[in-house]
Amino acid sequence: MKLEVLFTKKLTDTDVRYRMAFPMENYQQDVFEMPKGELSKQFEVIDMEDNSVKKFTCSKRSKGHPKPVFCKGWIGFVKEKQLLEGDEVIFYKEEDGTGRFTIKIQARKIPCMVLGQDFRGFIRTSTYCRQQ
C-alpha cells in the first residue's frame with residue numbers, strides 16, 4: 001500500500017462554519033473526478049483516527065471559477081472533531097497496487113499552550129457550547 005499526501009489545509013473560518021474549499025494548487029482532478037456534466041459527487045473518506053467512513057459531497061460552481069468545495073457531510077466532521085479555525089486537515093490517497101485507491105483524512109488540532117497547559121480544549125468546549 002502506498003500512502004501519498006494530497007494536501008494539507010489550515011482551516012479558515014469559512015472552512016469550519018460552512019464548507020471547505022480545496023486549495024487549487026493541490027487539487028487533483030483524477031482523485032476528485034466528477035462525471036462529465038455533473039456539478040457534485042459524494043466521496044467516501046476514511047478517518048485515520050478511528051477508520052470510520054465519512055461521506056463528503058464535493059461540488060463545484062456551474063458558472064465562474066469551478067473551485068470545488070466539500071459541503072454536505074463536511075460540517076458534521078468538523079463538529080465531531082471539534083475543529084476550529086487554525087486547525088489542520090491532511091488528505092491522503094492510499095493506493096492498493098491494483099490501481100484502486102481510497103481517500104483518507106487526518107484532523108490535527110493545534111494546541112494553545114499557556115504555561116505548559118493546553119487550553120485549546122477549554123476554548124473548543126466554550127465555543128461549541130455558545131454555538132448550540
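Helices (H or I, at least four residues) and strands (E, at least two) are DSSP runs, numbered from the N terminus. This is a predicted model in which local features need pLDDT of at least 70 and side-chain atom pairs count only at pLDDT 80 or more, while totals for chains, interfaces and linings use all residues. Residues are numbered from 1 along each chain as its sequence is written, and side-chain values use heavy atoms, with hydrogens and water left out.

Q: In which element of the protein chain is confidence lowest?
A: The predictor's confidence in each residue is given as pLDDT, from 0 to 100. The protein chain averages 82, and 81% of the residues score at least 70. Strand β7 (residues 101-108) has the highest mean, 93, whereas the lowest, 57, belongs to helix α3 (residues 120-131).

Q: How many aromatic pairs are there, and what is the angle between the planes of W74 and F77?
A: Rings of Phe, Tyr and Trp (its six-membered ring) pair if their centres lie within 6.5 Å; planes under 30 degrees apart count as stacked, over 60 as edge-to-face and the rest as tilted. This rule gives eight aromatic pairs. One of them, W74 with F77, is tilted, with 5.7 Å centre to centre and an angle between the planes of 35°.

Q: Is D15 buried or exposed?
A: D15 belongs to helix α1 (residues 13-17). Leaving aside neighbours within four places in sequence, its contacts (heavy atoms within 4.5 Å) are K9, K10, M20, A21, W74, I75 and V78. A polar atom of the D15 side chain lies 3.4 Å from the backbone nitrogen of A21. With a relative accessible area of 2%, D15 is buried.

Q: With which side chain does the side chain of D47 make a polar contact?
A: D47 is in strand β3 (residues 40-47) and is buried, at a relative accessible area of 1%. A polar contact is a pair of N or O atoms within 3.5 Å; within protein, one must be able to donate a hydrogen and the other to accept it, and residues adjacent in sequence count only if both atoms are side-chain atoms. At 2.6 Å, the partner of D47 is the side chain of K81.

Key:
Buried < 20%, exposed > 50% of the residue type's maximum accessible area, 1.4 Å probe, protein only.
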